[in-house]
Amino acid sequence: MADLTCAPFVFYPLLVIILFVYSLNHHNGFLSSVINDDPSCHLTVASSFRFFSFSSSSSCLTTHNNSSSSDVRVVVDDATERIEEGLAMARAAIQKAGEVDLRRNSSDLGFVSNGSIYLNAFTFHQSHREMEKRFKIWTYREGEAPLFHEGPLNDIYAIEGQFMDEIENGKSLFAATSPEEATMFYIPVGIVSIIRFVYRPYTSYARDRLQNIVKDYISLVANRYPYWNRTRGADHFFLSCHDWAPDVSTVDPNLYKHFVRALCNANASEGFTPVRDVSLPEIKIKFGQLGSTHDGEPPQNRKQMAFFAGGSHGEVRKILFQHWKEKDKDVLVYEYLPKTINYTRMMDQAKFCLCPSGWEVASPRIVESLYSGCVPVIIADSYVLPFSDVLNWKSFSVQIPVRKIPEIKKILEGVSEEEYLEMQRRVLEVRKHFVVNRPSKPYDMLHMVLHSLWLRRLNVRIPFSQ
């Protein structure tokens, strides 16, 4: 029989550890009930930039008599005040940029020009500069790979893993060294990994397991730290390109009311809210490659009017095939490309590349078109296009609603040669914003995603009013 005379000396330290871990998970649990009762701690979201006044005397963080708990909250609150003051300065500088000709004092207009590809080139330029100075993201450390902190670096969902690795590899200038200096907080759930490891084999497509994992993670960090509760998640985000990602928030709309979702499936008819959520470009990254632009044929040599090849995924493509599949020599539409025809070469030779929605509104063909110097023809309804806060998509793409698919050729024939040449020139100019670099470079795709998040943070202030 085992000797248990020393059992108390073994069990006592274990009990202390258990109680300590329990306290970490629960010592901030009172925050949600305390903060909810304070009318000054509610969210304000603005649809445009404006200077938000910051009251240093008000706080959404309630202190108790416990001195150690109070000290932590004072540090966090002081840091938040400094951040908010910096954001107020950034808002003012961005507003002023529209009034000052930055061409007289700019060292990097090689990346951003005063062209019509932007809604306002100067405010975007200034906003990007302010982001580089002030934007810091804290990634919560809780959770282990593969369900957390890990995502795909290749194939159709690659933007999720590329962004996660960029922020978490310890080299990004946008990564906060502590939560106190963070302007936004990253919930590092690997949506693709959860579906891959939790749902295999696929016996059910019910979203409850995915929803529960994300909700439990948020509950953990909300109870452990004060950051979620002080903003109702308005300065928190996750990022995923998977089709299921939008369904994460449907289980508890109140919990996710202010939470920022960065999604490829940016469908306004299915709950995507542009003022809060971020639209991601869908990009297919081959193994061992990041993808790059190439010149393709010059515009005068592009003799093919329009081209598309792809599977019959979703209702939009079925309608496209019904009207155009192998029926017109000017509008070439294939479901299965003949072996004698090279896909990329066809895009290089076409003036317009058709980009119909698949199962969801987004399509990687938009980025592929830009890479080939082909003007994208976006065929979708309710699609909030990536980076549309700053990019003027109408200047370098053609947008056709689904109901007008039968009129594709007529619409494209209505684009004059002069208009086409100008659009094609803008395609070559804008595509730098859709290139993935590692490490990320100013104005590339990952910087543009960060800038979209930055804009959402600029529209939030702490403390809140609602």
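The lining of the largest pocket in this predicted model divides into 12 nonpolar, 10 polar and 8 charged residues, where Ala, Val, Leu, Ile, Met, Phe, Trp, Tyr, Cys and Pro count as nonpolar, Asp, Glu, Lys and Arg as charged, and the others, Gly among them, as polar. The pocket holds about 920 Å³ of space, and of its 30 lining residues I156, I283, K284, P364 and E368 are the closest to its centre. A pocket is here an open set of points on a 1 Å grid over the protein atoms alone, where a 1.4 Å probe fits, with protein on both sides within 12 Å along at least five of seven lines, and lining residues have an atom within 4 Å of a point. Helix α11 (365–372) gives the most to this lining, with 5 residues, and α10 (343–349) also supplies at least two; helices (H or I, at least four residues) and strands (E, at least two) are DSSP runs numbered from the N terminus. Residues are numbered from 1 along each chain as its sequence is written, local features need pLDDT of at least 70, side-chain atom pairs count only at pLDDT 80 or more, and totals for chains, interfaces and linings use all residues. Side-chain values use heavy atoms, with hydrogens and water left out.

Strands β6 (residues 304–309) and β7 (residues 331–334) pair in the parallel sense over 4 bridges, pairing being assigned if DSSP finds at least two bridges between two strands. The bridge partner of A309 in β7 is Y334. Between the two strands the chain passes through helix α9 (residues 315–324), and this β-α-β crossover is right-handed, a term used if, with the strands pointing away from the viewer, the path from the first strand over the helix to the second runs clockwise. Both faces of β7 are covered, with V331 and V333 buried on one side and L332 and Y334 buried on the other; buried means under 20% relative accessible area, exposed over 50%, and partly exposed in between, with a 1.4 Å probe and protein chains only.

A search of the whole structure finds 23 aromatic pairs, defined for rings of Phe, Tyr and Trp (its six-membered ring) with centres within 6.5 Å, planes under 30 degrees apart counting as stacked, over 60 as edge-to-face and the rest as tilted. Y199 and W244 form an edge-to-face pair, because their ring centres are 5.1 Å apart and their planes stand at 80°. Since Y199 lies in the loop between α6 (191–198) and α7 (208–224) and W244 in the loop between β3 (236–240) and β4 (260–263), the pair ties together parts that are 45 residues apart in sequence, and both residues are buried. F387 and F434 form a tilted pair, at 5.4 Å centre to centre and 45° between the planes, and both are buried.

The loop between α6 and α7 also contains P201, and the peptide bond from R200 to P201 is cis, with omega near -10°. The bond from A145 to P146 is likewise cis, with omega near 10°, and P146 is found in the loop between β1 (137–139) and α5 (158–168).

Technical notes. Grid points are joined across faces, edges and corners, and a volume is the space filled by probe spheres set on the points.
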